[in-house]
Amino acid sequence: MAGTTKEMSLIKQVIQLKQLGVSNRGIARKLPINKGTVNGYFQMIEANGWKLEDLMQVDDPILERMFHAGNPAYTDERMQEFLRLLPYFRDQLTDSRNHVTRQLLWEEYRKTHPDGYGKSQFYDHLKQNLVAQKDITTVLVQTYKPGEKLMVDFAGDKLSYVDTGTGEIVKVEVFVACMPFSDYIFVCCVPSQRTEDFLFALRMCLEHLGGVPPIVVPDNLKAAVIKPDRHEPEINAALRDMGNHYHFTVLPCDPASPTQKALVEDAVRIAYNRIAARLRGREFHSVLELNQAVAEQNTMLNQTRMQKRPYTREERFHAMEKPLLQPLPEAVFEMRCYADLKVQSNCFVELRHDKTTHFYSVPYIHIGRAAKVIFTRSWVKIYVDNQLVATHPRKHEYGYTYEPEHLASSSRAIIDRSAAYYVSWASRKSEDCKAYVSEIFNPKRTNNPEEVYYRICAAIIASYKRYDARLVDLTCRQCLENRVFTYRKFEAILKNNHLRQAEDEPCLFAPVPKDHANMRGSGYFK
């Protein structure tokens, strides 16, 4: 083909045949080359004074530059005029407000220069000269130190499982992490991109790695970065706490610049091809079951030998990066949450989180004061004036958690109530009252919870303040003998006894006879 550059090995064969005394025509017959091309080669050799022996020692790239040096620069008048107009062309094209195109410039150029360049040559010269005006830059290839960084991201496409209770297809987020030096990949699924799910996935990744790299590079998602900024991004407080716990620094990539974590972007693509694609058609019924299948494919991916490399990702990671990672702390990280609350008049703070409400006690001397609450999934700490005043285990259902010493004495008396408390209280009044109250709480007599009888017993014991103690003791004996255990009947009998006392009946305080037939008929024990 005309104009095709010949291989330098072919030119050397031409030179070798010439050294053997073969004519140009004979060389053309022996080799796949035109006689005119052979003549041109030797004319060039003769014009430049090259020696055949020296040419055989020259490397192919240098020999190619000697025989194909390229075309000389344009020196005709059209080029000189074009170069004179080039600053104007450049200004018109670079000013976006003009909306000028190359087509318009060429049309204007042809009107003033009818013998000038055609459209294709005009475009070509314009492109070449504009490129020559630009500063020469290079693309920096990122090099990574072993064990230095962990890049993390969420995949755009989600995986799913089927809820066995409702039959609903539940979408889950796919968390992907990568150690850039070895390209070691970790993948797991979490319910959402919320902060607690993001930190859980990051914790699982660090535990899978068996160590902590000094730098974590996330995207600018809200779970990691509150306010993106190229120079001083505002890191999420929960992620900052996690970094302090595991001793790593968060270094988010620039906003809208995923090239700073290009390897994890590539890891996302690999996760689609090597993990998600292999799980298509399979049905899962929980996040745990889905993650088990993902972990199997993830292990297979890391143990597969990479193209153009004589090792696997796992081999490279364990050989070069694992020994350089910081050790994991002994305590497992739990995400901390913060709340500013007020100590209520009952000396409790009301903590609402995850659609549940629970109350935690504070020493009663802090009632009405502002409190700062720091809590995780397992504990709650309450601070007043930056002093720790209470620590409680975290509860995830409605209710009250308190320490008895946090309550005032009156409150403790109410909260500490029990059957034994009321029996002890009654014993301080009399043996008759103690026997009656003990029988009220007797589990063989009733199946009701003991709390049902707290108010009844409190009212019975309080009767000693309003009536003569001998009258109350008599009533307790009568009710116990006749199996009366309601306060309304107890009060009725007590009032009746009080009226009889007022009439000065001598037999009022006599022992209760064994035959109670007359008393049952009198209406006292109805």
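This is a predicted model: local features need pLDDT of at least 70, side-chain atom pairs count only at pLDDT 80 or more; totals for chains, interfaces and linings use all residues.
Analyst: Arg-483 is found in the loop between helix H18 (469-481) and helix H19 (487-502).

User: Thanks! Why is Arg-483 called partly exposed?

Analyst: Its relative accessible area is 46%. Buried would need a value under 20% and exposed a value over 50%, so at 46% Arg-483 falls in between and counts as partly exposed.

User: And what makes the phi of Arg-483 stand out?

Analyst: Arg-483 has a positive phi of about 60 degrees, although it is not a glycine. Most residues other than glycine have a negative phi.

User: Which loop holds Cys-347, and what is its phi?

Analyst: Cys-347 lies in the loop between strand E9 (337-342) and strand E10 (348-353). It has a positive phi of about 60 degrees, and it is not a glycine.

User: How do you know whether Cys-347 is buried or exposed?

Analyst: The relative accessibility of Cys-347 is 4%. That is under the 20% limit, so Cys-347 counts as buried.

User: What makes Asn-24 buried?

Analyst: Asn-24 has a relative accessible area of 18%. Since the limit is 20%, Asn-24 is on the buried side. Asn-24 is found in helix H2 (residues 24-30).

User: Which residues is Asn-24 in contact with, beyond its neighbours within four places in sequence?

Analyst: They are Lys-18, Lys-35, Val-38, Asn-39 and Phe-42. As for Lys-35, it is eleven residues from Asn-24 along the chain, and the two C-alpha atoms are separated by 6.4 Å.

User: Where is Leu-52, and what does it touch?

Analyst: Leu-52 is in helix H4 (residues 52-56). Not counting residues up to four places away in sequence, it touches Ile-15, Lys-18, Gln-19, Phe-42 and Ile-45. Leu-52 and Lys-18 are 34 residues apart in sequence, with 8.7 Å from C-alpha to C-alpha.

User: Which residues meet where H9 and H10 pack?

Analyst: From H9 come Thr-195, Phe-198, Leu-199, Leu-202, Arg-203 and Leu-206, which meet Ala-238, Leu-239, Met-242 and Tyr-246 of H10. By type, the residues of this contact are eight nonpolar, one polar and one charged.

User: How many residues are in the largest nonpolar core, and which have the most contacts inside it?

Analyst: The largest nonpolar core has 49 residues, and Leu-150, Phe-175, Phe-198, Leu-239, Phe-248 and Ile-382 have the most contacts inside it. Helix H9 (residues 195-209) gives the largest share of this core, seven residues. Apart from this core lies another, of 27 residues, including Ala-155, Val-176, Ala-293 and Val-294. In soluble globular proteins, nonpolar side chains tend to be buried together.

User: What is in contact with Leu-150, leaving aside its neighbours within four places in sequence?

Analyst: Among its contacts are Ala-177, Met-179, Leu-202, Leu-206, Pro-213 and Val-217.

User: Finally, how many helices and strands are in the chain?

Analyst: The chain has 20 helices and 15 strands, and buried residues make up 39% of its 526 residues.

Conventions: Residues are numbered from 1 along each chain as its sequence is written. Side-chain values use heavy atoms; hydrogens and water are left out. A nonpolar core is a set of buried Ala, Val, Leu, Ile, Met, Phe, Trp, Tyr and Cys residues joined through side-chain atoms within 4.5 Å. Buried means under 20% relative accessible area, exposed over 50%, partly exposed in between (1.4 Å probe, protein chains only). Helices (H or I, at least four residues) and strands (E, at least two) are DSSP runs, numbered from the N terminus. Contact means heavy atoms within 4.5 Å. Ala, Val, Leu, Ile, Met, Phe, Trp, Tyr, Cys and Pro count as nonpolar, Asp, Glu, Lys and Arg as charged, and the others, Gly among them, as polar.
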